[in-house]
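I opened the model to look up its strand pairing and the contacts between its domains. My entries follow.

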Amino acid sequence: MTNFLNEELKGIDIRVDEPLKKYTYTKVGGPVDYLAFPRNRYELSRIVKFANAHSLPWMVLGNASNIIVRDGGIRGFVIMFDKLNGVTVDGYVIEAEAGANLIETTRVAKFHSLTGFEFACGIPGSIGGAVFMNAGAYGGEIAHILISAQVLTKEGNVKTIEGRDMKFGYRHSVVQDTGDVVISAKFALKAGDYVKISQEMARLTHLRELKQPLEYPSCGSVFKRPLGHFAGQLISEANLKGYRIGGVEVSKKHAGFMVNVADGCAKDYEDLITYVIETVEAHSGIRLEPEVRIIGEKLSDKSNE
Ligand code: FAD
């Protein structure tokens, strides 16, 4: 397959049998058969067409900050958008490619004295992942500022989805249902004051540093916020702060986070998530639902092949 791949996808940056733990924020994850970094839309469409023609599964990842890749890894292609990362500003509108770093994009907005993106200044995702997840913090979310997103459909067509058709909800957007790939997004911001924007971003960054265990690998908040409650508080009340399985523990600083403190693996994460869900339910009657997305094969699945 590798020779075959070399011929048909010549010139594209494709890494074979690449360990995904090198890329994930949790620092866990087995190898993917082919990890591709397209430099432009043409390369992206060549990869997708190749995979479809050879019946190979494919999926996309952004910054891998909201993902747990299982230890057996992923078959087929993972496409990452690191090289499709342009950001342009036109008046009050910012257009960013899927691989643009969300935090960097909020800095571009600040540089141009545009307000509305401050809420995202500490969310370590990509633009594509942020649209997919409707990422949000401190009262703001992508849904509030998105004008439209360009997507690549599963059939390989490019189309534009207007913000009002994105079916945004709490950590949800329509592309989670359709399987479309976000290629770029346009955001409507407003004229602001550079100093005030800088102060607000500094305030939010300070809040994050105070409350979140940013010194350890993690995937941010593991669970969605249950209606009328905070996941971290429920976990804390169930006396789970600091509870550890393998190398992964419930953060002592913020119980909504699970941190990889000692070379943990995806199985540690999954076992801890299950344990926390069951313990919190027994304690409070509330069943937590993961926000983090868990993908790939368990190690046993792979060794059974
Ligand atoms: P990934 O983790 O790479 O992928 C997540 C999902 O999006 C996957 O299913 C993937 O297939 C899909 N996806 C990625 N790119 C695309 C694309 N181009 N087209 C279609 N689908 C795509 N989140 C918040 O909302 N608020 C927070 O305050 C917040 N704080 C965090 C703090 C820390 C320390 C960490 C580690 C994470 C935090 N997160 C937060 C979670 C995470 O950063 C966001 O969910 C982010 O939007 C995920 O983007 P990503 O590019 O990393 O997506």
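**Entry 1, a sheet.** I began with strand β2 (residues 31–37) and strand β5 (residues 74–80), which run parallel and are joined by four bridges. Helices (H or I, at least four residues) and strands (E, at least two) are DSSP runs numbered from the N terminus, and I took two strands as paired if DSSP finds at least two bridges between them. I then looked up a position opposite F77 of β5 and found Y34 there.

The model is predicted, so I kept to its limits: local features need pLDDT of at least 70, side-chain atom pairs count only at pLDDT 80 or more, and totals for chains, interfaces and linings use all residues. Residues are numbered from 1 along each chain as its sequence is written, and side-chain values use heavy atoms, with hydrogens and water left out.

Next I traced the order of the four strands, which is β1-β2-β5-β3 in an open sheet with mixed pairing. Because β1 (13–19) and β3 (58–61) each have a single partner strand, they stand at the edges and one side of each is left without a neighbour in the sheet. Neighbouring strands here are turned by 30° against each other on average, direction ignored. Helix α2 (residues 41–53) packs on the sheet and touches β2, β3 and β5; contact means heavy atoms within 4.5 Å. The direction of α2 makes about 165° with that of β5. Axes are lines fitted to C-alpha atoms, for helices over the stretch in contact, and angles run from 0 to 180 degrees between N-to-C directions.

I noted domain 1 (2–80), domain 2 (87–192) and domain 3 (213–295), with bounds from an automatic or database domain assignment. The centres of domain 2 and domain 3, taken over C-alpha atoms, are 27 Å apart. Five residues of domain 2 are in contact with four residues of domain 3. The two domains bury about 460 Å² between them, 54% of it on carbon and sulfur atoms. Buried area is the accessible area (1.4 Å probe) that two parts lose on being put together, summed over both.

R171 forms a salt bridge with E291, and their closest N and O atoms are 3.8 Å apart.

Notes: Salt bridge = Lys/Arg side-chain N within 4 Å of Asp/Glu carboxyl O.
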